[in-house]
Amino acid sequence: MQRTVTDSFKLFQGLKVSFHRSTRAFSVSPINNHEVKVKRQKVKPSQAQNTKGPHPLAILAVLSVGVSAYVTLVKSRGGPGSGKGTQCAKIVQDFGFIHLSAGDLLRKEQERPNSPDGELITKYIKEGKIVPMEITIGLLEKAMIENDSNRFLIDGFPRQLDQAHAFEKEVVEATCILFFDCPEEVMLKRLLKRGETSGRSDDNRETIKKRFKTFIESSYPVVEYYRTLGKVHTIPCTEGVDEVYAKVKPILNEVLKQK
Ligand SMILES: Nc1ncnc2c1ncn2[C@@H]1O[C@H](COP(=O)(O)OP(=O)(O)OP(=O)(O)O)[C@@H](O)[C@H]1O
Ligand SMILES: O=c1ccn([C@@H]2O[C@H](COP(=O)(O)O)[C@@H](O)[C@H]2O)c(=O)[nH]1
């Protein structure tokens, strides 16, 4: 069947995504048409009714996903230790998202032999500073392309307004933001406890203080930006894991119902 390309979106690394109206399928292909990785996935007709223009969900399909929700988690006041990772694990169980933690991806890259960015990542994490966005977005994008899913849960990213704008422009728009709101003293306690066994170079009092400062100065404005777009759901998270999750679940049920 002949396919009509209705929309194309540029990705990083010379890739573009196209939506084919006739087959209602998305494909990712190299901009120069060289024979590189091409990923395709059919979109369920019920989910692809808007073929007139770049439906926000169509943009979600850039990374060979079908059509569904894409959730970004940003941090709370002082953010680290608010319990994002813990809640993400529960969301994955119930909703089948692919969970991508920017911090985990950076730590993995730091350990990868011969990584050109390993040393820099180590230095930034130890100082509680934000790693240059080209590195983080590159890792996230690669992980999204590798994971053939229609739901991504991005944990701990974007950390800065410029990262939010770049990711939205070059990769994909967020459907919804879960903002875990937790006072610093609670997070400090949780992180120090975690530090007893985590082996993380940044789970110590000195680095935690720096991470809190980075969060307030650089990351919190991201929450405010998404709030102006009406995408933020704020979840107080001083209670136990299950109590917090009891607030998360209905939010996601509602978001997914709308998609
Ligand atoms: N609601 C909760 N009540 C008590 N402890 C919690 C709760 N949620 C998470 N924890 C614990 O707090 C610590 C930090 O949680 P978690 O790793 O999920 O936070 P995070 O926000 O992902 O942190 P980071 O950004 O530093 O990776 C963990 O040891 C976790 O077991
Ligand atoms: O987008 C990101 C995410 C993380 N970092 C760096 O990693 C550490 C740890 O992140 P967690 O989310 O707490 O696991 C963070 O303090 C930053 O140094 C980053 O630079 N960019």
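# Notebook: a predicted model with two ligands

**Entry 1, confidence.** I began with the predictor's confidence in each residue, the pLDDT, which runs from 0 to 100. The chain has a mean pLDDT of 75, and 69% of its residues reach 70 or more. Residues 1-78 have a pLDDT below 50, yet this stretch has 178 contacts in the model beyond near neighbours in sequence. For the complex, the predictor gives an ipTM of 0.99 and a pTM of 0.78.

Residues are numbered from 1 along each chain as its sequence is written, and chains are lettered from A and ligands numbered from 1 in the order in which they are written.

I counted a residue as near a ligand if its C-beta atom, placed from the backbone, lies within 6 Å of it. Ligand 1 is surrounded by 16 residues, and G83, G85, T86, R190 and R194 are the closest. Two or more residues of this shell come from each of helix 2 (84-95), helix 7 (184-198) and helix 9 (241-258). Helices (H or I, at least four residues) and strands (E, at least two) are DSSP runs, numbered from the N terminus. I sorted the shell by residue type and found four nonpolar, eight polar and four charged residues. Here Ala, Val, Leu, Ile, Met, Phe, Trp, Tyr, Cys and Pro count as nonpolar, Asp, Glu, Lys and Arg as charged, and the others, Gly among them, as polar.

The unreviewed UniProt entry carries the annotation "binding site" on G81, S82, G83, K84, G85, T86, R194 and E239. Positions are given in the numbering used here, feature names are shortened, and annotations may be inferred rather than shown by experiment. I looked up two of these residues. G85 lies in helix 2 and touches S101 and D155, leaving aside residues up to four places away in sequence. I class G85 as partly exposed because it has 16 C-beta neighbours inside 10 Å. The cut-offs are 20 or more other C-beta atoms within 10 Å for buried, 12 or fewer for exposed, and partly exposed in between, with C-beta atoms placed from the backbone. E239 sits in the loop between strand 9 (232-236) and helix 9, and it is exposed because 12 other C-beta atoms lie within 10 Å.

A cis peptide bond, with omega about 0 degrees, joins F157 and P158. P158 belongs to the loop between strand 7 (152-155) and helix 6 (161-170). N114 is not a glycine, yet its phi is positive, about 65 degrees. N114 lies in the loop between helix 3 and helix 4 and counts as exposed because it has 5 C-beta neighbours inside 10 Å.

Strand 8 (residues 176-181) is mostly covered, with five of its six residues buried. Strand 8 and strand 9 run parallel and are joined by five bridges; strands pair if DSSP finds at least two bridges between them. L178 has H233 in strand 9 as its bridge partner.

Notes
Predicted model: local features only at pLDDT ≥ 70, side-chain atom pairs only at ≥ 80, totals over all residues. Contact = placed C-beta atoms within 7 Å.
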